[in-house]
Amino acid sequence: MSDLGHVLVLAGGLSYEREVSLRSGRRVTEVLRSAGIDVETRDTDSTLVPTVLADPPDVVFVTLHGGSGEDGAIRSVLELLSVPYVGAGPDACRVAYDKPTAKTVVRSVGVRTPDAVVLPKETFHDLGASAVLGRIIDRLGLPLFVKPSRGGSALGGSIVRKAAELPAAMVGCFAYGDTALIERYVEGVEVAVSVIDLGDGPVALPPVEIVAAEGVYDYSARYTAGHTEFFAPARLRPEVAEACAAMAVTAHTALGLRDLSRTDLIVDADGVPHFLEVNVAPGMTETSLLPMAVAAAGQDLGAICRGLLEVAVKRP
């Protein structure tokens, strides 16, 4: 058996992305067991802290998506319990999880990201929806992309190509969060770049190109086999692929992330990448992008996960 000792995989939680998290947890558990590691999977409920105190794991692999899994809350609890874990620390998670804040940080280091407006639900209602939305279109133009300022899996996100579509897009967004991020929509090739750091610094894996059957990479397209076509590596010119990789590593570093992340980009018609958002707990399901990138790099997912655990255990 592995010398890592008792490994705990955290999956589930109470966010909208619970089912995806459970699938990620199962996949990570499977590949770790295939790598000879003693691993247990647990949900995050009222029994977690007493259980960890009674039988502390040697290291934790966090596969929680959304909510407390990516906003730093669970990681803060793990630090209170003095349990090492894979992934970014609480402070970095809080910054990266809030999309407008993450955009501000990466823009400050020269990363290109679409212009946007951030609008809380209260402002949307208090100032009058029609007046506010009209000014947004005047400033950003069309098309737009509307999404919650926090969360993932494209929940609450939608493209707006006509002014009449914007109110419904806002209502759909507010169903998943209290603040909307309204971005200028960049037409182009959707690309995801995963970053892994096994102790020698962050390295970008091959970019994965995403071609959704319905044209929108929404929740169904992400997690239903056959709804999306993927190209790993992406069908990009070498210099464009290199620019995407450099952008992902720059974002990972600027946001203070560690171990692993995934940056979502759009490459426009001129081959210029635009930063959209970063994920501090990338999906690990059968249709997730990080495992595809690992395979495209000719590496083994179990070996990568084991390496990340080894880095976490040695972290001061």
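Trainee: What's the strand order in the open sheet of four strands?
Mentor: The order is β2-β1-β3-β4, with parallel pairing. Strands are DSSP runs of E, at least two residues, and helices are runs of H or I, at least four, numbered from the N terminus. Two strands pair if DSSP finds at least two bridges between them. This is a predicted model: local features need pLDDT of at least 70, side-chain atom pairs need 80 or more, and totals for chains, interfaces and linings use all residues. Residues are numbered from 1 along each chain as its sequence is written, and side-chain values use heavy atoms, without hydrogens and water.

Trainee: Which strands stand at the edges?
Mentor: β2 (39–42) and β4 (85–86) do. Each has a single partner strand, so one side of each lacks a neighbour in the sheet.

Trainee: How many bridges join β3 and β4?
Mentor: Two, in the parallel sense; β3 covers residues 59–62. F61 has V86 in β4 as its bridge partner.

Trainee: Which helix packs on the sheet?
Mentor: Helix α13 (residues 301–314). It touches β1 (7–10), β3 and β4. Contact means heavy atoms within 4.5 Å. The direction of α13 makes about 130° with that of β3. Axes are lines fitted to C-alpha atoms, for helices over the stretch in contact, and angles run from 0 to 180 degrees between N-to-C directions.

Trainee: New topic. How many helices and strands does the chain have?
Mentor: 13 helices and 14 strands.

Trainee: And what box do the C-alpha atoms fill?
Mentor: Roughly 60 × 45 × 35 Å, along the principal axes.
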